[in-house]
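Visitor: I would like to learn how to read a model like this one. Please take me through it feature by feature.

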Number of protein chains: 2
Amino acid sequence: MSIKILVFEDNDLLRESLSSLVAQQTGFALAGAYPNVLQVKSQINQHQPDVVLMDIDMPGKTGIEAVREIRSFNTSLPVIMLTVFDDNIHVLEAIKAGASGYLLKKHISSKLFDAITEVLDGGAPMSPSIARMVIGSMQRPSENPYQLTTREREILNVLSTGNSYKMIAAQFNISIDTVRTHIKKIYEKLQVHSQTEAVSKAINEKLV
Amino acid sequence: MSIKILVFEDNDLLRESLSSLVAQQTGFALAGAYPNVLQVKSQINQHQPDVVLMDIDMPGKTGIEAVREIRSFNTSLPVIMLTVFDDNIHVLEAIKAGASGYLLKKHISSKLFDAITEVLDGGAPMSPSIARMVIGSMQRPSENPYQLTTREREILNVLSTGNSYKMIAAQFNISIDTVRTHIKKIYEKLQVHSQTEAVSKAINEKLV
DNA sequence: TGGCAAAACCCATCTTCATGCGATTTATTT
DNA sequence: AAATAAATCGCATGAAGATGGGTTTTGCCA
């Protein structure tokens, strides 16, 4: 039984070339190819593909929104994103939305079927620069973007796990007024005005 | 000029085999091979490697701690982690600590030099199952672990960006007392007692 | 149609936080 | 020796949050 591929790509030329590439490959079959994702749910239900290839930038509704929609009714169908740029700000968004792999278009001819095989095998095929972006997004910034002092970082850390001023004071064995002073300074540097904002910024920007 | 590789691996057999593998490969040179990471800083300063291969589990000080230490004085030196298990709970920790790539030991013989080349090229080589773990860790859980209602999720969302009760009430066009009620319910379900705890849990567990 | 969950609203009380102002001590650097 | 940054402590006040009671309305579904 062939592996059924469903393609979403607005560029006519690329869609055609993807289609014939898939159609000609032994062991693979083209389930369908569409220039937009407006009917993505019914098309998937209709064709029952094993893998979806999804362009990231499409007019009307983007590939990212489409992945999000797919994940709302199917959590396991592998979706491989296709994009021209590796500095596309949407790359991480697509992954968070539920994409299973990520291929730069310049790698399609050489890596497409490797990627499909890998994704069906439980992997997450990515072009090298994409993988680097992904890993980079999980790591702490190497600088100290807000110029927090050591003590301030320590306090932001425990604050971010839900400790009250009182608990922080006890933990560090300092007075509650000192805690207040440090937090005041942290707010200034992060440009926020509440614990919640500070914690949100700290976690999202990986300061803690 | 050959690419200089520095190896940290406590298993004598594997360290020897890695060493001879590297030494025999044209274009690569073994800068050194050590069974522990106790002197990692001075050894790196001494050998000036282009790439570090680091076992994840070593007695005394783990590879993860070593990566963290390396990153404290060198933010760009590529470090490729080596591990036997792909379900190792430490895999994500190592990446957060600053690892640049991640190879399962069963893939070493076939992929080591590809990985080294890729990492020097700005990529992030990972065995497929590792890549899948990484991507999985960035995605929302598909279930609804705390049984939050739609409204509760919406409110947790805006709460997590630092909005006050008042702002939330205005945004959703509901009374501030209703906001209170929803947040009470959210706290019950998440088992927390403050905004900060709720936001921390929400972001870290990717509920928002 | 009776029961139930979700969403909305109200009130009162105590706790915690945000912020402004001022001050001392310690270590480091010039 | 003076200057500076970091860390500490104190006080006061208004704003915001946490919690424990309630009630009503709506839509679903058994």
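The dialogue below goes from the conventions to the sheet, the helices, the chain contact and the DNA.

Visitor: Which conventions apply?

Guide: This is a predicted model: local features need pLDDT of at least 70, side-chain atom pairs count only at pLDDT 80 or more, and totals for chains, interfaces and linings use all residues. Residues are numbered from 1 along each chain as its sequence is written, while chains are lettered from A and ligands numbered from 1 in the order in which they are written.

Visitor: Which residue in β3(B) is the bridge partner of Ile5(B)?

Guide: The partner is Val51(B). β1 (3-8) and β3 (51-55) of chain B pair in the parallel sense over four bridges.

Visitor: At what angle do α7(B) and α9(B) pack?

Guide: First, the rule. Axes are lines fitted to C-alpha atoms, for helices over the stretch in contact, and angles run from 0 to 180 degrees between N-to-C directions. Under 35 degrees counts as roughly parallel, over 145 as roughly antiparallel, 65 to 115 as roughly perpendicular and the rest as oblique. Here α7 (150-159) of chain B meets α9(B) at about 95°, with the axes 10 Å apart. The two helices are therefore roughly perpendicular.

Visitor: Which residues of α7(B) meet α9(B)?

Guide: Contact means C-beta atoms, placed from the backbone, within 7 Å. Arg151(B), Glu152(B), Ile155(B) and Leu156(B) of α7(B) meet α9(B) residues including Val179(B) and His182(B). Ala, Val, Leu, Ile, Met, Phe, Trp, Tyr, Cys and Pro count as nonpolar, Asp, Glu, Lys and Arg as charged, and the others, Gly among them, as polar.

Visitor: Is Ala124(B) buried or exposed?

Guide: Count C-beta atoms, placed from the backbone, within 10 Å of the residue's own: 20 or more others means buried, 12 or fewer exposed, and in between partly exposed. Ala124(B) has 26 such neighbours, so the residue counts as buried. Ala124(B) sits in the loop between α5 (108-120) and α6 (128-138) of chain B. Beyond its neighbours within four places in sequence, its contacts include Pro128(A), Ala131(A) and Gly101(B).

Visitor: How many residues does each chain bring to the contact?

Guide: Chain A gives 32 residues and chain B gives 32 residues. On the chain A side, α4 (90-97), α6 (128-138) and α10 (195-204) each supply at least two. That side divides into twelve nonpolar, 15 polar and five charged residues.

Visitor: Which residues come nearest to DNA strand D?

Guide: Near means a C-beta atom, placed from the backbone, within 6 Å of the molecule or strand. Of 22 residues around DNA strand D, Thr149(A), Ile174(A), Asp177(A), Thr178(A) and Tyr165(B) come nearest. By class, this surface has four nonpolar, eleven polar and seven charged residues.

Visitor: And which are closest to DNA strand C?

Guide: Among 21 residues, the closest are Tyr165(A), His193(A), Thr149(B), Ile174(B) and Asp177(B). The largest share of that surface, five residues, comes from α9(A).

Methods
Two residues are in contact if their C-beta atoms, placed from the backbone, lie within 7 Å. Two strands pair if DSSP finds at least two bridges between them.
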